Protein chains: 2
Amino acid sequence: MGTHYRGPPEEVRALDVYIKLVRAAESLVAKVSRHVETFGLTVSQFGVLEALHHLGALCQNALGRKLLRTGGNITLVVDNLEKAGLVARERQKTDRRFITVNLTPRGRDLIAEVFPGVVEIIVKEMAPLSPAEQERLGLLCRKLGLGTNDKEVRNVS
Amino acid sequence: MGTHYRGPPEEVRALDVYIKLVRAAESLVAKVSRHVETFGLTVSQFGVLEALHHLGALCQNALGRKLLRTGGNITLVVDNLEKAGLVARERQKTDRRFITVNLTPRGRDLIAEVFPGVVEIIVKEMAPLSPAEQERLGLLCRKLGLGTNDKEVRNVS
DNA sequence: GAAAAATAGTTTAATATTAAATTATTCCAG
DNA sequence: CTGGAATAATTTAATATTAAACTATTTTTC
C-alpha cells in the first residue's frame, strides 16, 4: 500500500476513485485514438465526423455544445477537416451568423468505414465487464451528475 | 430514447458506457482545472507538482511514466514550471543523462496550499455516490484493465 | 578499447484546448 | 427607426499532447 496521501478515509477513497476513473477514460480514448489515426484522423476530428454522421448537418455552435468544446476549438478542428476535404461549411441563408457543417461524400465514406472499428474496440475494451457491470458503471458515472441526456447517448465523442 | 446508433445491444451498451465514462472524467478534470487555475496552475502543472510533493524529487523520465505523458510533454510542462520558479532541474552527477526535478520552496508552499482544495472538490464531486458505490466504481474502472497499481493510487494526476 | 546500441532529454511539427478579444449578424428596447 | 444587447464564428495567446527526429550520455558488444 502506498504511502503518498494520508487523510481521512473518505478523502483517500474519493481520490482513489478519481484517479481510476480518469486513467480508465484516458486509456480508452488513447485506444480509440490509435485506431482512428490509422485513417488519418485525430480523436477530435473523429468526434466531429461521427456527430455529423449520426445527427446530420449541424452548425458549429451545435457541434460545440454536443461535443462539449469551445467555439474556438470547433473552428480549428473543422478548419482541418475542411482542409482534408471531409466536411464543407455553408453559411445559412436565413441567419448569416450560423455556419452549417456538412459531411462531404468523402467524409461520409470515411466515417462509415472508421466507425465500426471504433465500436469493435470499445466493445472489446468493455469485455472484462459483464453486461450488468457495464450498466452499473454507466449508472455510477451518470450518478456523478455528469451523465448525458438521451439524445447524446450514442455520440462517441 | 435517441435514434443515433443502432446496432446489437452489446454494442449500444458499450458505447453508452464509454461515453458516460469519458464525459464523467472530463467533467471532473475540468472542475479540478478550474480550482488549480485560481492558483495560476494548469492541471498538468498541478500533476507534476503533486507528484513531486508526494513522491519527492523525480527525474523527468519517472515523471513521464508516473503521469503517463511523453518525454516531450514533460519537458514542456517542467519548462513552464521552472520558468514560474516552482521547480528546479538538476542534472545527476552519477549519470548525466538524468535530470532530477525538485520542488522549490515556493513550489512546495504552493502545492501544500492547492492540494487540500483539490481533495475537497473531488470529495464533493464524489458525494452523490455512497462509499460503497465509490468503491464499486473504482473496482469497475480498474477491472477494465486500466487500473493503477498501489504505488500510484494517490497520485491525483 | 572502439563502435554500436540503448537511454534520457530536447526539439520540431502538427493538432488540440481554453479564455479572452474581436468581427459580423441578428434581435430587442425605446 | 436607431442604437445597444445578444449571439455565432474567428482570431489571438498560452498551454498541452503526441510522434518523430535529434543530441548527449551511458551501456553493451566484440
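Author: Gladly! Helices (H or I, at least four residues) and strands (E, at least two) are DSSP runs, numbered from the N terminus. This is a predicted model, in which local features need pLDDT of at least 70 and side-chain atom pairs count only at pLDDT 80 or more, while totals for chains, interfaces and linings use all residues. Residues are numbered from 1 along each chain as its sequence is written, chains are lettered from A and ligands numbered from 1 in the order in which they are written, and side-chain values use heavy atoms, leaving out hydrogens and water.

With 14% relative accessibility, Thr104(A) counts as buried (under 20% relative accessible area; over 50% is exposed and in between is partly exposed, with a 1.4 Å probe and protein chains only). Leaving aside residues up to four places away in sequence, Thr104(A) touches Gly85(A), Leu86(A), Val87(A) and Ala88(A), where contact means heavy atoms within 4.5 Å.

Next comes the sheet. In chain A, three strands make an open sheet in the order E1-E3-E2, with antiparallel pairing; two strands pair if DSSP finds at least two bridges between them. Its edges are strand E1 (58-59) and strand E2 (87-91) of chain A, each of which pairs on one side only. E2(A) and E3(A) are joined by five bridges in the antiparallel sense, and in this pairing Val87(A) stands opposite Leu103(A) of E3(A). On the other pairing, two bridges link E1(A) with E3(A) (residues 99-103), again antiparallel. Leu58(A) stands opposite Val101(A) in E3(A), and Cys59(A) has Thr100(A) in E3(A) as its bridge partner.

H2(A) lies across E1, E2 and E3 of chain A, at about 85° to E3(A) (axes are lines fitted to C-alpha atoms, for helices over the stretch in contact, and angles run from 0 to 180 degrees between N-to-C directions). Helix H4 (residues 71-83) of chain A also packs on the sheet, touching E2 and E3 of chain A, and its direction makes about 120° with that of E2(A).

H2(A) covers residues 43-55, and at 1.5 Å a residue its 13 residues should span 18 Å, which agrees with end C-alpha atoms 18 Å apart; the expected span is 1.5 Å times one less than the number of residues. Ten of the 13 residues are buried, so H2(A) is largely enclosed by the rest of the structure. Among the buried ones are Phe46(A), Leu49(A), Glu50(A) and His54(A). After H2(A) comes Gly56(A), whose phi is positive, near 80°.

In chain B, helix H2 (residues 43-55) can be seen against other helices. The axes of H2(B) and helix H5 (residues 105-126) of chain B are 10 Å apart, at an angle of about 105°. That makes H2(B) roughly perpendicular to H5(B) (65 to 115 degrees; under 35 is roughly parallel, over 145 roughly antiparallel and the rest oblique). Residues of H2(B) including Phe46(B) and Leu49(B) meet a set in H5(B) that includes Ile111(B) and Phe115(B).

H2(B) also crosses helix H3 (residues 60-67) of chain B at roughly 105°, the axes coming within 11 Å. H2(B) is therefore roughly perpendicular to H3(B). There, Gly47(B), Val48(B), Ala51(B), Leu52(B) and Leu55(B) in H2(B) meet Leu63(B), Lys66(B) and Leu67(B) in H3(B).
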